[in-house]
Each structure stands twice: as structure tokens, then as C-alpha cells.
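Keep the viewer open and follow along.

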Amino acid sequence: MRLLLITLLALLVATVVGLGATWMTATRGTDLGTLTIGAWTARPKTGTSDVDPYSRATITRNGELPIGTGDGVAFTATTDDRKKPLDGRCDVVVSGVTPAARFWTLTLYDQKGHLVANTLQRYGFTSQEIVRGADGGFEIRVASRSRAGNWLPTGGIERYALMFRLYDTPVGVATRTQRDAPMPQIATVGCP
Amino acid sequence: MIRLLFTIIAGVLLGGVVHLVSVLALPRIATQDAYSRLTPLTKLNAVTQLPPADPSNTVMPFVDPAFAVAVCRYDLSGGPIKLTVPVSQAYTSLSFYTRNEVAYYAINDRSAGKKVIELDLMTEAQHNDLPEDEEITAADRLIIDSPTATGLIVLKALAPEPGLMPQAQASLAASSCAEQADQPAKQAEAPRGKR
């Protein structure tokens, strides 16, 4: 009787630990093969055949299609440069320079990866439609209320993610540092 | 007490095995993966345009709204697939995924270097069976080997401004993805019966 109980306990612990760890890694992701530049994180290997098992599990669980390496690379940010989570009620400024690429897009998603509804039907910017300063630099204001210049509406949601995608770019599996890929800064400039 | 400690240690070790097995098995057992989500929306061995990305359309997460997207869901068991995609004005790319969403190949308009991207998709076995025709060299025809018999080809055309979206969609509408016509009729018939 005691042996049976102990075996059951061991199996229960095994199930909880094993599936719990799988759930954690599949929802939160792992640091395997990540490229972090400032607040931005990319996993260039997810676009190749040697994608790691953890990324594969996350991709199939979320039902997404990773961007192929010959196509481009995607960077995600959920915090600003000071590690403060991106808050849709605050004013966040994305500015600076971008890595070499034929095109880039910046898109705002909620935590499930869906676009956020707004009256402008503005879900992101492409490198072509952005209003730039005289020096070629740009500044995108991510805020819930309308702002001058490049305004990206948040719809006032509490947490969101920014995705910066580079298309036809040398940035990829071989990229290691900020010098290879100068990414724009993200700064929270004011909260109500 | 010691026995209980051993039990927990054994449980944690076994848990590690459960974790590894479940991570490796997840891509196979997932029912909500991109391929399954796209299956009801797309035709087999044909190009289907996806509806434009907007907040009410939640088929797949993290879709880039600046792109017109079309999908060719393929099954190579009836023979190789021929893919023809005219290049749009801004940027066009093709990404190839296996049944389990491994992105095994991607190409864009510039690396293809032509006004119309033309390529043949086949399994490795079909590639090996190709007659070695001296007139058809590798340069004339781009041949891609698919690791699995089924999978997805995602065709994307960029609309640099929202107003250019109809143009991007039009260029994808002109693309085609079909079984090669020069295949023996018997082979081509088999998958059609299943539909």
C-alpha cells in the first residue's frame, strides 16, 4: 500500500514538474538563440531549418508562422530601454536609426499577438510612409490620444508589444551586437 | 522521511523526461497550429488570398498588416508543384513551411532577380527521379526540395502605404500554384479524388 502511494506521488510530481516546465517554456519562451539589442529581442534561427525545439513548441502552440531568414527578421519589444513594461496609457517614443534593410515595418500588438482596434485603422508604420526629420531620423509616438507627427495609437490597452520587422536585410543569424544592427530606442516620456 | 525525499527527487527527474518528451511532441500534437488554422480557409494546391489583417481577424497572431498575404497549401503526393509569382512594385517574398511550421526556405524578389519568380517544389524523392535532361540546367529552373509532402507556401507582397494595398493584392492574385501539367495522368488523379 505504501509503495503504491509513493509511486503515485512520484508520478504526480513528475507530471506536474514536466508539463509545468513545458507550459512555462512554451508560453514565455527561452533564451535559446536569442539576439537582444536594447529592448529588442529577435530569434533569427526560428526562420531556418535548425530552429530549436523550444521555439518550435512555442510557434506551433501560438499558431504563428515565423518569418523566413531569406525574407527578413523580426524583433519584439515588450519593455522600454529602462525595462519598464510598455503601457498603452503612457506616451512612448520610438526613435533613432534602423539597421540596413530594404524595408522595415513597426507594428503594435496586444499580448495575444492581435492588432489593436482604433478609428484611424493605423496598426503600424512602414519605412516608406514615416515622416522623417531633416536629418533623416524619425520619431514615432505610441500613445492612446492623437499626437503630432507619426502617431501610433495604442487604444489605451494596458500592455502591448511592438514588433519591428526588417525585410531583405543582412541582419540575421550572424548578427551579434548593436554595431551590426543599430536598433531604435524606446523611451517612456510621460504617463497620465 | 528519507523515502519521501527520494520519491520527490525521483519525481523531479522523471519530470525532466516528461518535459523533454512533451516539448519534442508538442509540434506534432498541437491542433491549433498555423497549418490547421489555415486548412479551412485555403484550397489545396492553389493560391488563396487571406483577408487583410485587422483587429477582428484573429486567424494567426503576429501578422504584418503592411502585407497582402496569400497561401498555397500544398500536397506533393500527386507530383511536384509549379509556382509562378509576379513581382509586385515594392517587395515580394515567398516563404516555405513544412507541415509543422519549420521555415525551410524563403526567397525575395531581389534574390530571385526576375520579374516573375518561377520555381518547382518537389520532395527529395521526386527530385532524384527527375530525368537528367541536359537542356534543362539548374539555372533555368529553380528547384526546391520540400522535407515533407505537405506544407505551406506563404506569398507576401508589401504595400508601403495603405493606399497601395490593392496593387499588392492584385500582384498576388496573378500568381499561381498548381500541379505540374506534364505529370502522368494517373499520378495527378490520386489527390483530386481525396478532395
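Chain A is split by the domain assignment into domain 1, residues 1–30, and domain 2, residues 32–190. Bear in mind that this is a predicted model. How far apart do the C-alpha centres of domain 1 and domain 2 of chain A lie? The answer is 36 Å. As for the contact, four residues come from domain 1 of chain A and five residues from domain 2 of chain A. Sort the domain 1 side of that contact by class and you get one nonpolar residue, three polar ones and no charged ones.

Now for a sheet in chain A. Four strands make up an open sheet in the order 8-7-4-10, and the pairing is mixed. At its edges sit strand 8 (150–153) and strand 10 (185–190) of chain A, each of which pairs on one side only. Going from one strand to the next, the twist averages 25 degrees. Zoom in on strand 7 of chain A, residues 138–143: it runs parallel to strand 8 of chain A, and four bridges join the two.

In total, 51 residues of chain B are in contact with 53 residues of chain A. Which parts of chain B supply at least two residues each to the side that touches chain A? They are helix 1, helix 2 (34–38), strand 4 (92–98), strand 5 (103–108), helix 3 (109–112) and strand 8 (150–158) of chain B. Helix 1 of chain B gives the largest share, with 17 residues. By class, the side of chain B that touches chain A holds 30 nonpolar, 13 polar and eight charged residues.

That leads to the helix pair. Two packed helices are described by the angle between their axes and the distance between the axes. Here, helix 1 of chain A (residues 2–28) packs against helix 1 of chain B (residues 2–29) at an angle of about 40 degrees, with the axes 6 Å apart. Why call them oblique rather than roughly parallel? Roughly parallel is kept for angles under 35 degrees, so helix 1 of chain A and helix 1 of chain B count as oblique to each other. Their crossing is right-handed. The contact between helix 1 of chain A and helix 1 of chain B has 17 nonpolar, ten polar and one charged residues.

Conventions
Residues are numbered from 1 along each chain as its sequence is written. Chains are lettered from A and ligands numbered from 1 in the order in which they are written. This is a predicted model: local features need pLDDT of at least 70, side-chain atom pairs count only at pLDDT 80 or more; totals for chains, interfaces and linings use all residues. Axes are lines fitted to C-alpha atoms, for helices over the stretch in contact, and angles run from 0 to 180 degrees between N-to-C directions. Angles under 35 degrees count as roughly parallel, over 145 as roughly antiparallel, 65 to 115 as roughly perpendicular and the rest as oblique. A crossing is left-handed if the near helix is turned anticlockwise from the far one by less than a right angle, and right-handed if clockwise. Ala, Val, Leu, Ile, Met, Phe, Trp, Tyr, Cys and Pro count as nonpolar, Asp, Glu, Lys and Arg as charged, and the others, Gly among them, as polar. Two residues are in contact if their C-beta atoms, placed from the backbone, lie within 7 Å. Domain bounds come from an automatic or database domain assignment. Two strands pair if DSSP finds at least two bridges between them.
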